Amino acid sequence: MIEIEHLSKLFDETCVVDDVSMTIPDGALVVIVGTSGSGKTTLLRMINRLVEPSSGRILIDGRDTSTIPAHELRRQIGYAIQGHGLFPHRTVGQNIATVPNLLRWDADRVKARVDELLALFQLDPAEFRDRYPSQLSGGQQQRVGVARALAAAPKLLLMDEPFGALDPIIRARAQEDLRQIQRRLGTTIVLVTHDMNEAIHLGDRIAVMDRAKLLQYDTPQEIVTRPATDFVGELLGTGERPFRLLSLQPVRPFIEPGEATGAAIGEGASLRDALEEALWSGRTAVPVHDIAGKPLGRVTLATAIRQAARPQ
Amino acid sequence: MKMSVLIRLAALALLGVFLARPDWFDWLFAPLTRNGQAAIYTQNSLLNLTLNHLAIVAAATLAGSVVAIGLAILVTRPAGREFLPLSRTLANVGQTFPPVAVLALAVPVLGFGTAPTLLALFLYGLLPIFENALAGLASVSPEVHEAARGTGMTDGQRLLRVELPLALPTILAGIRISAIISMGTATIGSTVAASTLGETIMAGLINTNLAFVAQGALVVGALAIIVNTSLFAIERHFSRYRQDQR
């Protein structure tokens, strides 16, 4: 658990982070979202002390981070940044091995870990281990950057706009991969982004920052349905709120018995997918199939529309 | 690649044979002499002069590298940043003084011989190494710095594992330029009695013996080319990660 208590940062009289307190439970994926200059990146960088707080403190599992030498603290915390920051003179394998080597793991253990991570990120170890970063595509570089951050199996991973440099298609895949890997490893992730879509799509909890202050820290559902301030509402985009709400609701609880014609949606789809499918094909209900293709029932257009309304 | 290695080895072999047995090349230089002058310089062995020449250049370049790289590292650390303008000025002054002037000024203090030559070459060679080391260290991108800090490297580890390896090709280019300049400049050391290949050239000029001048100049030229291509190959080796980018 990470407890951030009354954290502030002043740069020459200017307050960039103003009295922020929040608690991040173990295994959560927390997204800090805000416009540029909101202080979100500074807040993130104070967690691994790349920026030293002016006041307040951070406890990780009850331990005050200021009592640990900064470089040792950082070796326990994964850190992935926009544009990956891979060391250009080191091979993919050497890049991933950075923190294990700093921690003086023995060579066999490092090599096994590098291959394990490459496989986890769907990069064939034999093919990629000895390449240089300049020989990889943007998506591959990004994956190696995250693999490096996870190399020493940190309990906490910090990510600063990790998908910012990727094109939309690769970004969607990278977000999906991150979600799966996070569920598998149980790593706590704090991710900074300016993209509310990304925040809602990825976050278990979302922290909205504006002008150095934490405006709201809540689940995506709460943020969408009950934005704390006008600014949070603006970030969400008022015209898209019903659709964002639908995208947060899986179809499964809304499946009703009955038949429907036409193309089916999967049981893992959201109500937004169901709505889109129904509207686009002009149907009032769409069938839902499980992974094997077996019919489970249907979701009606009326249900989707009802669920799109703001909860009272 | 293979071809250039062969040419380099051939040039080196030819130079070796010439230095070991200059008398075999008598016929080549004889047409440059007049009135039955000697075609090959024999006051001192050409091999010894060459080795001395190389030793002086190597010592000056090595000392220059240590000082210039050390200075560049110092002024790129947060604590030493304020010394950057001063170091730049000093390195520039070193380059502004013509080596001949340094020799003239140094002889009264250091006496005749190798010492003033070493000093002149050292001062003259500082600037290219210093400026290249600065450029190399400055070329490390902010993302890479950030990543190095973020992975938990200490300041020393960042310098040794990230900054210097990334700056190395540029630093080596500076050392190469400095060594090549010194290779030619060292010849004037013979005006203050340093034992270099300049001795042959000066003897030729004094006695109007073109054969001596040609010998000295050719050996210096061949050395410069061999050293240049060899150091260049080392540079290429250390920057191989930049190759075949997509």
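Of the 246 residues in chain B, 45% are buried (buried means under 20% relative accessible area, exposed over 50% and partly exposed in between, with a 1.4 Å probe and protein chains only). This is a predicted model, in which local features need pLDDT of at least 70 and side-chain atom pairs count only at pLDDT 80 or more, while totals for chains, interfaces and linings use all residues. Residues are numbered from 1 along each chain as its sequence is written, chains are lettered from A and ligands numbered from 1 in the order in which they are written, and side-chain values use heavy atoms, with hydrogens and water left out.

Chain B holds ten helices and zero strands (helices, H or I with at least four residues, and strands, E with at least two, are DSSP runs numbered from the N terminus). The C-alpha trace of chain B spans about 75 × 50 × 20 Å along its principal axes. Of the contacts in chain B between residues at least 6 apart in sequence, 75% join residues at least 24 apart, a contact being heavy atoms within 4.5 Å. Chain B exposes about 12,400 Å², with carbon and sulfur atoms supplying 70% of it (accessible areas come from the Shrake-Rupley method with a 1.4 Å probe, and for residues only the protein chains shown count as cover).

Thr61(B), in helix H3 (residues 46–76), counts as buried because its relative accessibility is 9%. Beyond its neighbours within four places in sequence, Thr61(B) is in contact with Ile129(B), Ile175(B), Ala179(B) and Ser182(B). Ile7(B), by contrast, sits in helix H1 (residues 2–20) and is exposed, since its relative accessible area is 54%. Together with Met3(B) and Leu6(B), Ile7(B) forms a nonpolar patch on the surface, with about 340 Å² of accessible area in total. Patches are made of residues with over 30% relative accessible area and no salt bridge, like charges being joined within 9 Å and nonpolar side chains (Val, Leu, Ile, Met, Phe, Trp, Tyr) within 5 Å.

Ala151(A) is placed in the loop between helix H7 (138–150) and strand E7 (156–160) of chain A, and it counts as buried because its relative accessibility is 1%. Leaving out residues up to four places away in sequence, Ala151(A) touches Ile96(A), Pro100(A), Trp105(A), Arg113(A) and Leu117(A). Met22(A), in strand E2 (residues 14–24) of chain A, is likewise buried, with 4% relative accessibility. Met22(A) and Gln216(A) are 194 residues apart in sequence, yet 10.0 Å apart in space, C-alpha to C-alpha.

Finally, the two chains meet through 27 residues from chain A and 22 residues from chain B. The area buried between them is about 2,200 Å², of which carbon and sulfur atoms give 57% (this is the accessible area, with a 1.4 Å probe, that two parts lose on being put together, summed over both). One salt bridge is counted between chain A and chain B, a side-chain nitrogen of Lys or Arg lying within 4 Å of a carboxyl oxygen of Asp or Glu. Glu146(B) and Arg45(A) meet through their side chains in a salt bridge, at 2.2 Å from N to O.
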